[in-house]
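Dear colleague,

My notes on the chain, its cavities and one of its pockets follow it.

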Amino acid sequence: MDEKNDPPTAKPEDEVSAASISVQMVSAEDKLAKRILARKKHDKLKKKDKLLWNFQNKIILFTLILFILGVVTWTLLWLFIVQAENKDALYFVGLFRVANIEFLPEYRQKESKEFLSMAQTVQHVMNLVYTTSSFSKFYKQSTVSEVSNNNNGGLLIHFWIVFVVPQAKGQVLCEDCVAAILKDSIQTSIINRTSVGSLQGLAVDMDSIVLSAGLRSDYWSTTGTGTNCVYDLYADRLHEHFPLDTRATSEGTICYFKLIASVGHLVRLSIVSLQIEADNCITDSLTIYDSLMPIKDKILYRACEPADSLVSLVSTNNLMLVIFKAAQVKEQKEFHGYFEVITQEKCGKAIVTKEETGYEGKITSPYYPSYYPPKCFCAWNFQTPQKSLGIALKFHNYTISEKNIKGCERGWWKINERMYCGYYVDHQTVFHITSSAVSVELQCSSKVSEKPLLVEYGSYNISQRIPCTSHTFKCRNNICIRKQYARCDGTVDCVDGSDENSCSCGSSKISNLISRIVGGSNTEEGEWPWQVSLHFVGAAYCGASVISKEWLVSAAHCFQGSKLADPRAWRAHLGMQTQGRARFVSAVRRIVVHEYYNSRNYDYDIALLQLSTPWPDTMSRLIQPICLPPSSHKARSGDKCWITGWGQKQEADDEGSAVLQKAEVEIIDQTLCHTTYGIITARMFCAGLSSGKRDGCKGDSGGPLSCQINGDGKWFLTGIVSWGYGCGRPNFPGVYTRVSNFAPWIHKYVPSVL
Ligand code: 4AZ
């Protein structure tokens with residue numbers, strides 16, 4: 001039977017449907033299972049894919065990292081190699097005198113065959129010297145920039161030497177080393193003992209050689225290609241004023257004035273006015289050299305701030321260089337002055353004083369009232385008419401004291417075979433010599449020009465030994481003088497200077513030290529007259545102490561960073577008890593941070609600040625200097641001292657105190673201090689209380705730790721608030737700069753503080 005044609009057998013619907021359903025059900029389940037299986041498979045695959053994808057990703061990421069690492073390493077390596085191979089041109093500028101060649105006027109013309117031939121000869125000699133030296137592989141060339149006449153005869157040759165050195169090796173070419181090569185190449189004769197020797201046939205004066213590192217910009221400007229503001233000015237008419245005027249252009253200016261006087265004469269430059277920005281000579285300056293090229297060792301004078309009063313300077317030879325530098329101009333920057341040709345002066349004379357006692361005449365430094373040049377020698381011989389009369393010298397703004405082992409930086413004085421050093425101070429001092437025949441010699445010893453000196457002289461009666469009474473003053477050498485109140489009156493009356501020794505410092509008019517403090521307590525007005533508040537761009541930032549009419553001592557770390565190091569940003573508030581009520585406020589002219597200050601461990605944490613305006617005498621009730629402890633002073637553990645400041649009263653506070661606070665602290669044993677902090681150097685000491693409580697805090701830095709060390713009531717600046725762990729924490733005392741270590745350093749900048 002053909003199944004297809006058979007009529008469908010009637011089947012109960014249920015059955016049929018059931019059968020069909022069941023069939024259908026089977027197939028749906030199957031499908032579902034299949035689908036689930038497929039999904040599972042798919043999921044598995046997906047997972048696998050994902051895994052694979054993750055794996056691929058990781059590989060890609062890994063490769064990428066490897067690539068980046070490679071690039072970084074390569075760049076660093078490249079930088080390192082390039083850096084190592086990077087070369088710097090180093091410029092040295094100098095001069096020497098050739099004794100055996102006559103000057104020709106043609107040498108003034110740089111294009112003349114005479115100049116070119118002379119320059120070539122010298123350059124050839126210099127090439128020989130340096131190509132056969134240990135620096136031969138760095139030596140590039142020498143250029144003669146000036147051939148001039150001079151007062152010592154022969155020719156004065158100014159030259160530049162250029163070396164090309166890999167950056168890493170830049171330091172090997174020190175100024176002294178480059179100069180030594182030149183000096184060592186000169187053959188001098190031991191027999192005739194002159195300073196002139198032979199340098200490859202040139203008769204070079206050994207004593208005339210000066211050499212220093214120079215600037216690339218100066219090299220290009222003075223060898224003919226840099227700036228067009230270069231003037232060669234010759235003058236021979238005595239005392240005629242030749243004007244020098246220049247005004248900075250908007251892009252900034254650098255001008256060179258080479259001044260040459262006729263042989264046998266000197267150049268005197270007078271600065272009439274100078275308008276520049278006062279920024280410590282960083283961008284603007286007026287520099288005067290005792291040479292025709294900018295040789296550092298030949299700087300006579302440098303002005304870093306505007307000036308309106310007349311300053312004049314004298315050269316030691318017939319030449320001078322004036323460089324005016326001014327950066328981009330916002331306000332007007334200019335220099336006005338003039339130069340003259342002057343004759344050389346003989347300094348000193350024989351003086352016979354009159355019968356009557358009293359001041360009768362003046363002696364001065366050479367070329368007075370000009371600044372006097374670094375090379376000078378004066379000899380005055382005084383004779384009084386009677387054996388009973390001695391010589392009195394009244395130094396204006398200057399003093400002399402017996403020479404120490406270090407030598408003198410501001411002039412040597414020899415008075416009847418005894419040596420003294422001179423110092424500039426802000427008052428006059430009197431020196432008596434108990435002899436009727438007195439020889440006084442001055443020898444200049446500074447490298448730069450010095451302020452003019454004026455000394456009045458006269459005779460005084462030595463024979464009249466005054467008996468010591470209640471109306472006399474007894475000097476340390478037991479000689480009594482007629483002045484009852486001679487002590488610290490600003491005039492040296494005792495021959496040994498003992499009436500003016502360690503004067504006018506460390507005296508507080510008010511003494512109110514019965515303290516009820518826990519931590520600190522308010523001070524009285526005038527109680528700490530040396531305390532200064534230093535404001536940085538208008539806000540109290542650090543403390544400082546007055547040590548003279550124009551100098552303050554503070555902490556170096558207060559001036560760390562270019563903004564804080566800029567003196568223009570600071571104001572010193574003196575004679576102040578409550579913030580905002582200072583009796584005297586001054587701008588800061590100069591900040592001298594100790595050259596060894598270490599910002600990592602606060603070693604050598606000391607700085608000096610010079611005020612733009614000295615505080616006036618009329619303020620002396622509320623402003624007084626504190627005494628500096630001598631080098632020999634040892635702060636002993638257990639000594640009680642006081643700290644003062646407007647800093648925070650608590651570590652957690654966020655602002656300082658309005659009223660000056662004081663707290664008594666105790667100096668802590670150095671070993672204990674070391675055990676606490678570990679990194680305590682010889683320039684530091686600890687002070688506080690073991691309970692904490694009394695301590696300096698943020699804002700007190702730079703301020704004084706004042707101690708009475710002698711039992712004579714005088715206060716000494718034993719410490720400077722420097723650092724510490726937090727403020728007032730038990731067992732973590734404050735750390736202070738040990739000021740006695742810095743007496744010579746301070747004295748170098750502030751000679752009036754003895
Ligand atoms: C500061 O920041 C400071 N406890 C000064 C002193 C001390 C801590 C901090 C000593 O100026």
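For the classes used in these notes, Ala, Val, Leu, Ile, Met, Phe, Trp, Tyr, Cys and Pro count as nonpolar, Asp, Glu, Lys and Arg count as charged, and the other residues, Gly among them, count as polar. On that basis, the lining of the largest cavity is made up of five nonpolar, five polar and three charged residues. Please bear in mind that the model is predicted.

The largest cavity has a volume of about 70 Å³. Its lining comprises 13 residues, of which Gly526, Glu527, Trp528, Met576 and Gln577 are the closest to the centre. In total, the structure contains four cavities of 30 Å³ or more.

The second largest cavity has a volume of about 40 Å³. Which residues line the second largest cavity? They are Phe103, Arg108, Glu146, Val147, Ser148, Asn149, Tyr234 and Ile260. Strand β2, which spans residues 139-148, gives the most to this lining, with three residues. By class, the lining of the second largest cavity consists of four nonpolar, two polar and two charged residues.

Sorted by class, the lining of the second largest pocket has 22 nonpolar, eleven polar and 13 charged residues.

The protein chain has 754 residues, and 46% of them count as buried. Its secondary structure comprises six helices and 39 strands. Where contacts join residues at least 6 apart in sequence, 71% of them link residues at least 24 apart. The accessible surface of the chain comes to about 39,100 Å², and carbon and sulfur atoms account for 54% of that surface.

Yours sincerely

How values were computed: Residues are numbered from 1 along each chain as its sequence is written. This is a predicted model: local features need pLDDT of at least 70, side-chain atom pairs count only at pLDDT 80 or more; totals for chains, interfaces and linings use all residues. Side-chain values use heavy atoms; hydrogens and water are left out. On a 1 Å grid over the protein atoms alone, a cavity is a set of points where a 1.4 Å probe fits but cannot get out, and a pocket is an open set with protein on both sides within 12 Å along at least five of seven lines; lining residues have an atom within 4 Å of a point. Grid points are joined across faces, edges and corners, and a volume is the space filled by probe spheres set on the points. Helices (H or I, at least four residues) and strands (E, at least two) are DSSP runs, numbered from the N terminus. Buried means under 20% relative accessible area, exposed over 50%, partly exposed in between (1.4 Å probe, protein chains only). Contact means heavy atoms within 4.5 Å. Accessible areas come from the Shrake-Rupley method with a 1.4 Å probe; for residues, only the protein chains shown count as cover.
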